[in-house]
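Below is what I looked up, in the order I looked.

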Amino acid sequence: MTSSENPTNTPPVGRPPFLVRRRTMFTWLIPLLLMAAVVLVRPGMHLDAAFIAGIVLVFLGEVVRFWAAGYISKDAVIATGGPYGYVRNPLYFGSLLLAIGYGLVSGLGWGGVIAMTALFFLFHLAAIRFEESFLKVKFGQPYLDYLGRVPRIIPALSPRTRGDGVYTWAQAINNREHLSALFAVVFVIALTVCRLLVLKHG
């Protein structure tokens with residue numbers, strides 16, 4: 001369905017807002033700021049429950065993202081299979097788990113978790129709204145029906161749609177999710193090393 005065939009009369013989607021265009025800052029700049037905060041606060045290094053929970057959340061976040069990336073053909077069809085039956089934005093939900101996990105791994109306590117979560121929503125809610133506007137224009141009523149059944153960010157406990165499509169590893173790689181996973185691994189290692197160095201030279 002083209003925008004000219006859109007039955008909802010949704011106006012054409014213009015240039016993305018500033019936060020949408022700059023949301024890659026969350027991917028690269030915010031982690032660096034988190035490491036700087038570790039150096040300033042000097043939380044030390046403890047294999048406590050928070051650190052382990054952070055590792056688990058980072059792992060689960062990447063599992064969710066890989067699952068979602070194997071289903072989605074961006075802007076080509078409405079993804080409704082797999083995780084898209086539970087939540088409209090499983091890639092972003094996976095990123096939210098990553099953000100919370102990074103906050104826990106940092107050792108900065110609730111302050112780190114709250115800061116990472118707040119920054120996540122600051123950058124990504126704008127992107128979600130913009131993308132939904134674009135998809136309403138592109139797909140019209142079928143997408144509106146999907147919006148009415150499936151929650152935006154927090155997954156439902158059971159699938160809200162039967163969903164179409166199948167998972168393929170090749171599609172996940174084509175969506176470059178392996179790069180996201182590599183970054184997550186490298187960043188967790190970097191955060192841990194940073195905490196160890198702070199403890200050693202504290």
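**Entry 1: the overall picture.** I counted 8 helices and 0 strands in the chain. Helices (H or I, at least four residues) and strands (E, at least two) are DSSP runs, numbered from the N terminus. Read along the sequence, the pattern is α-α-α-α-α-α-α-α. This is a predicted model, so local features need pLDDT of at least 70 and side-chain atom pairs count only at pLDDT 80 or more, while totals for chains, interfaces and linings use all residues. Residues are numbered from 1 along each chain as its sequence is written, and side-chain values use heavy atoms, with hydrogens and water left out.

**Entry 2: confidence.** I checked pLDDT, the predictor's confidence in each residue, from 0 to 100. The chain has a mean of 83. In 83% of its residues, pLDDT reaches 70 or more. Residues 1-11 stay under 50. For that stretch the model has 22 contacts beyond four places in sequence. Contact here means heavy atoms within 4.5 Å.

Entry 3: The chain has 202 residues, and 43% of them are buried. Buried means under 20% relative accessible area, exposed over 50%, and partly exposed in between (1.4 Å probe, protein chains only). I then looked at contacts with a separation of 6 or more: 84% of them join residues 24 or more positions apart.

**Entry 4: α3 against α8.** How do α3 and α8 (residues 177-200) cross? Their axes come within 9 Å and cross at roughly 170°. The axes are lines fitted to C-alpha atoms, for helices over the stretch in contact, and angles run from 0 to 180 degrees between N-to-C directions. The two helices are therefore roughly antiparallel to each other. I noted the cut-offs: under 35 degrees is roughly parallel, over 145 roughly antiparallel, 65 to 115 roughly perpendicular, and the rest oblique. From α3, the contact includes Phe-51, Ile-55, Val-58 and Phe-66. From α8, it includes Ala-181, Ala-184, Val-188 and Arg-195. By class, the contact residues are 8 nonpolar, 3 polar and 4 charged. In this scheme Ala, Val, Leu, Ile, Met, Phe, Trp, Tyr, Cys and Pro are nonpolar, Asp, Glu, Lys and Arg are charged, and the others, Gly among them, are polar.

**Entry 5: α4 against α8.** I turned to α4 and α8, which pack at about 10° with their axes 10 Å apart. They are therefore roughly parallel to each other. α4 brings Leu-91, Leu-98, Tyr-102, Leu-104 and Val-105. Among the α8 partners are Phe-183, Phe-187, Leu-191 and Thr-192. The contact holds 10 nonpolar, 1 polar and 2 charged residues.

**Entry 6: α5 against α6.** α5 (residues 109-139) and α6 (residues 141-149) have axes that come within 6 Å and cross at roughly 135°. That makes α5 oblique to α6. Glu-132, Leu-135, Lys-136 and Phe-139 of α5 meet Gln-141, Pro-142, Tyr-143, Leu-144 and Leu-147 of α6. This contact divides into 6 nonpolar, 1 polar and 2 charged residues.

Which residues of α6 are buried? They are Tyr-143, Tyr-146 and Leu-147. Seen down the axis of α6, they fall within an arc of 100°, so they line one face of the helix. The arc is that of the directions from the helix axis to the C-beta atoms. What covers these residues includes α5.

**Entry 7: two loop residues.** I found Tyr-86 in the loop between α3 (49-69) and α4 (90-105). Tyr-86 is partly exposed, with a relative accessible area of 26%. Its C-alpha lies 5.1 Å from that of Ala-156, 70 residues apart along the chain. Tyr-86 also touches Trp-67, Val-150 and Pro-159, among others.

Thr-168 sits in the loop between α6 and α7 (169-174). Its relative accessible area is 33%, so Thr-168 is partly exposed.

**Entry 8: a positive phi.** Arg-176 is in the loop between α7 and α8. Its phi is near 60°, a positive value in a residue other than glycine. Most residues other than glycine have a negative phi. Arg-176 is exposed, at 58% relative accessible area.

Entry 9: Is Ile-30 buried or exposed? Ile-30, in α2 (residues 24-41), is buried at 7% relative accessible area. From Ile-30 to Ala-99, I noted 9.7 Å, C-alpha to C-alpha.
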